[in-house]
Every structure is written in C-alpha cells, then in structure tokens.
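Please keep the structure open in your viewer and follow the selections below in order.

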Amino acid sequence: MVIKVFLASSSGSTAIKKKQQDVVGFLEALKVDYTQLDIACNEENRMWMRQNVPTEKKPTNGIPLPPQIFNEESYCGDYDTFFDAKEDNSVYEFLGLPPPPGSKEAEKAQIVENGTHAEETIADENVDESTEVPVEERNGNAHGAEEEEGEGGEEEEEVAEGETADDEATEGETAGDEAPAEEEEEEAVEETDEVTEDTRARAEEEEEQEQEEADEDREEEDLQSEEEEELRQLEEEEEDVEETQEEEAE
C-alpha cells in the first residue's frame with residue numbers, strides 16, 4: 001500500500017505551503033513510505049485528485065485544495081482530518097496502515113483489545129455462575145437466607161433506633177443554631193435601620209445646604225442686578241447733564 005500526498009509545488013498561498021510541509025514532515029518522522037504527486041505541474045494529477053475526493057468532503061465551491069491524502073485509491077482526508085488524527089495519536093488508522101509495534105497507537109489498540117477480552121471473560125464467568133444448583137443446596141441456602149434475614153432484621157432495628165437518636169440530636173442542634181441566627185438577623189435589621197436613618201439625615205442636611213447656597217446665589221444676583229440698575233441710572237443722569245451743559249454753552 002502506497003500513501004499518496006497530492007501537493008502544489010508552486011502554490012502562492014503561505015498557508016497551503018505550511019500545511020503541506022507539516023504533512024510531509026510528520027510522515028517522514030514516522031518513516032511512512034509515501035509518494036508526492038504535484039498538481040501544479042501535472043494536470044492529470046490535478047484532475048485525478050478532484051475526481052476522487054468524495055463529494056461530501058469537498059468545500060462549498062467543489063474544488064478541494066492540497067494537501068489531499070490517499071491510500072492507493074482510498075481517500076484518507078485533507079490537512080484538517082490529518083491534524084485531528086495526529087492529535088489523537090491515530091495517524092496509522094487515518095492512513096489505513098497497521099501501527100508498528102511499540103508505538104502509542106499500537107499500545108492504545110492493545111488496551112482496547114485487552115478490554116474486549118476482559119469483558120468476554122466476565123461474561124463467561126456470569127454464565128458459569130448461572131448454572132443450575134441442586135435442590136438440596138438451594139434448600140440449604142434458603143434456610144441460611146432465612147437465618148440471615150432474621151439477624152439482618154435485628155440489625156436493621158438497631159440501626160433504625162440509632163438513626164432516630166441521631167435525628168433527634170441533629171434537630172436539637174438545628175434548633176440551637178436557629179436562635180443565634182435569628183438574633184443575628186434582628187441585629188442586621190437594626191443596623192440597616194440605623195444606616196438608613198443616618199443616610200436620610202445626611203441627605204436632609206445636604207438638601208438644606210444646597211437650598212442655602214441657592215438662596216445666597218439669588219441674593220448675589222439680586223444685588224448685582226441692583227448695582228447694574230444704579231450704574232445705568234447714573235450713566236443716564238451724566239448724559240442728561242452733558243446735554244444740558246452743551247445747550248447752555250451754545
């Protein structure tokens with residue numbers, strides 16, 4: 001089986017070049033045999049790649065971009081699916097190749113296989129346990145079960161009595177805890193009321209101060225208006241005097 005990696009040697013996209021380098025570099029690191037097929041210089045490679053990528057795996061425009069990976073004629077995936085397989089340590093499964101002994105992927109497969117064997121063994125044991133037991137043994141087990149039930153009943157009564165005592169003690173503790181909690185709530189309410197009264201008093205003081213400042217501002221404005229009125233009257237009087245003087249001079 002030959003892994004085919006379709007690349008574009010003369011791609012102008014930096015992102016595509018980086019993805020191609022990532023795929024090729026990782027395959028070389030794993031020592032996987034692969035073949036590079038250039039779609040930039042070979043139209044036949046380009047057409048084969050486009051025709052053999054499954055329709056559901058193609059982008060919206062219907063033109064798949066490199067790198068695209070195949071195992072012989074079987075489609076493996078593009079860069080995104082390759083990257084996901086690399087992150088999940090399942091590249092050999094992605095490529096359709098058996099993992100080499102000692103690799104993480106081989107160890108994971110071994111764990112899964114061992115888990116399957118263990119489940120089968122447990123199932124076999126359960127089948128053996130369900131084998132029919134003779135009537136005598138069943139009767140003996142029945143008598144033993146009755147005795148155990150009698151002893152279990154006494155133990156259950158003792159446990160129930162102990163639980164009742166514990167419940168009563170817990171209720172007493174709860175009642176003792178509720179009293180301090182109520183006192184704390186009352187204190188908190190009183191503190192809240194005090195804070196509210198202080199806040200209200202401060203608000204009233206601030207309102208009084210603002211009112212006083214507003215009154216002072218109005219008084220200043222009234223004084224200023226009066227001064228302006230006096231100045232205006234003085235100016236008019238001076239003008240009248242000047243006119244009178246001029247008339248007398250004439």
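**Starting at Leu95**

Select Leu95 and leave aside its neighbours within four places in sequence: Leu95 is then in contact (heavy atoms within 4.5 Å) with Ile3, Leu27, Val32, Ile69, Asn71 and Cys76. This is a predicted model, in which local features need pLDDT of at least 70 and side-chain atom pairs count only at pLDDT 80 or more, while totals for chains, interfaces and linings use all residues. Residues are numbered from 1 along each chain as its sequence is written, and side-chain values use heavy atoms, with hydrogens and water left out.

Next, colour Ile3, Leu27, Ile69 and Leu95, which touch the most other members of the largest nonpolar core, a set of 18 residues. A nonpolar core here joins buried Ala, Val, Leu, Ile, Met, Phe, Trp, Tyr and Cys residues through side-chain atoms within 4.5 Å, buried meaning under 20% relative accessible area with a 1.4 Å probe, protein chains only. Strand 1 (3-7), helix 1, helix 3 and helix 4 each give two or more residues to this core, and helix 4 supplies the largest share, 4 residues.

Now move to helix 3 (residues 79-87), where the buried residues are Tyr79, Phe82 and Ala85. They lie on the same side of helix 3 because they cover an arc of only 125 degrees around the axis, taken from the directions from the helix axis to the C-beta atoms. Their cover includes helix 1 (14-29), strand 3 (68-71), strand 4 (74-78) and helix 4 (91-95); helices (H or I, at least four residues) and strands (E, at least two) are DSSP runs, numbered from the N terminus.

Notes
Buried means under 20% relative accessible area, exposed over 50%, partly exposed in between (1.4 Å probe, protein chains only).
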